[in-house]
Amino acid sequence: MRKYIKWSVSMMIAMLMLVAITTTVSAEEEGDTLQAQAHKKKETELFIHELPEALARFSFVSDLQFEYPDAVRGIYVTGHSAGGSRFEELLDLIDSTDLNAMVIDIKEDHGYLTYEPEEELPYEGVAQNFMSDPKEVLKTLEEEGIYPIARVVVFKDSVLAKARPDLSFTKNGEVWENGKKESFVSPFQQEVWEYNVEIAKMAAELGFKEIQFDYVRFPEGFEKRDKELEYGQGDYKDVELDDIKKRVEAVTDFVAYAKKELESYNVDVSVDIFGYAATLEETPGIGQNFSRIADNVDIISSMIYPSHWTPYFGIDKPDQEPYKLVNEYAKVENEVLGALDNPPVSRPWIQDFEAPWLYSGPTFQYGVEEVEAQIKALNENGIDEFLIWNAGNSYTEGVDYTPLD
């Protein structure tokens, strides 16, 4: 599976020694060339001395070939869908529209890997056979010209939390769960970082062109419960920062670590982030600083679902005004990213689902008009890339995904 570009030390040295060899010269020419030869030998010896550091590097080369699209327009795909009958339907959707990418779960929301890798995993029972052959899935995407993105859910991980309570948050000796019965592991723990990045590397070796990290944060509302929970802080225990900034430091450091570790795998790195993080200097509980995360990724994907906002931009019912909500958000994000020296690509997550929890009566429906309104608002603000979320992978038919063309 792996193909590494490496140079053997002996081959490099042999090549360099050839540079120092000169043809035999006459007695008359020898004196004229002596000084030049000595200088060449000195340069060669210096270069040979530097070889070990250079030779320690490698670059992973996949046997699959994917071209980055003109602009990524993608959909979310679960492991179940990628490995089941729904996959053909989603391929047909992309083939018949201007969509061109899939974000596929490799490590899903509970913490399970969605396939059983050849590599031995550090914990039993963390892999599920949702995709019996992910390599074949990727080969199909290659044939269809569909750009593949691997989604890795990081710190929301009930499976790891229960296997290793010492890496999680506990209360009264039990692994803590939120209101949805979900558990998290601590972003302070280096071992958690390493575990997730190794999963990301396996995804890269399968042939994915991008690793998208999701749930790169502490649990929601953590600032209200951090004193009642027990958890280790690892190397951050004695860092002289307040609790908010300490959380921000841990989350930011993970992203920087992941980006560096994946440099040799020829993949882009993206992070999903709450949309409201762009409107604050730093979130008080979850540890996300929009600008600092953006500084360490190739792509930033804000989750800007209209249903998830309060009257933040003076919009009373954001779920019912998707164009207005996305338009107001895009203005803020453009300003924040514009202040960075090297901003990443903006590729927000938009909504193709209903939000019945917002309504006591009939639920506002999302269809062609609502999905196109979000895309139109992004495009008008110079944001050409987007991803569409529907947890069940049931997407609206008949949408024009390039409405300004």
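Phe58 counts as partly exposed in this predicted model, because its relative accessibility is 29%; buried means under 20% relative accessible area, exposed over 50% and partly exposed in between, with a 1.4 Å probe and protein chains only. Phe58 sits in the loop between α3 (51-55) and β1, where helices (H or I, at least four residues) and strands (E, at least two) are DSSP runs numbered from the N terminus. Although 206 residues separate Phe58 from Ser264 in sequence, the two are 6.4 Å apart in space, C-alpha to C-alpha.

Residues are numbered from 1 along each chain as its sequence is written, and side-chain values use heavy atoms, with hydrogens and water left out. As this is a predicted model, local features need pLDDT of at least 70 and side-chain atom pairs count only at pLDDT 80 or more, while totals for chains, interfaces and linings use all residues.

The chain has 12 helices and 11 strands, and 49% of its 405 residues count as buried. Among contacts (heavy atoms within 4.5 Å) with a separation of 6 or more, 77% join residues 24 or more positions apart.

The structure holds 27 aromatic pairs; rings of Phe, Tyr and Trp (its six-membered ring) pair if their centres lie within 6.5 Å, and planes under 30 degrees apart count as stacked, over 60 as edge-to-face and the rest as tilted. Tyr76 and Trp349 make an edge-to-face pair, 6.5 Å centre to centre with 75 degrees between the planes. Tyr76 belongs to strand β1 (residues 73-77) and Trp349 to strand β10 (residues 349-351), so this pair ties together parts 273 residues apart in sequence. Tyr76 counts as buried at 4% relative accessibility, and Trp349 counts as buried at 1%. Tyr123 and Tyr195 are also edge-to-face, at 5.3 Å centre to centre and 80 degrees between the planes. Here the link runs from the loop between β2 (101-107) and α6 (134-144), which holds Tyr123, to helix α8 (residues 190-206), which holds Tyr195, 72 residues apart. Both Tyr123 and Tyr195 are buried. One aromatic cluster is formed by Phe169, Phe188, Phe218, Phe222, Tyr231 and Tyr236.

Since 13 of the 17 residues of α8 are buried, the helix is largely enclosed by the rest of the structure. Just after α8, Gly207 adopts a positive phi of about 130 degrees.

Next come the pockets. On a 1 Å grid over the protein atoms alone, a pocket is an open set of points where a 1.4 Å probe fits, with protein on both sides within 12 Å along at least five of seven lines, and lining residues have an atom within 4 Å of a point. The largest pocket is lined by 47 residues, with Lys180, Tyr215, Glu220, Phe274 and His308 nearest its centre. Both α4 (79-82) and β7 (268-274) supply at least two residues of this lining. The second largest pocket has 14 lining residues, of which Tyr115, Glu116, Glu118, Pro134 and Leu206 lie nearest its centre. Two or more residues of that lining come from each of α6 and α8.
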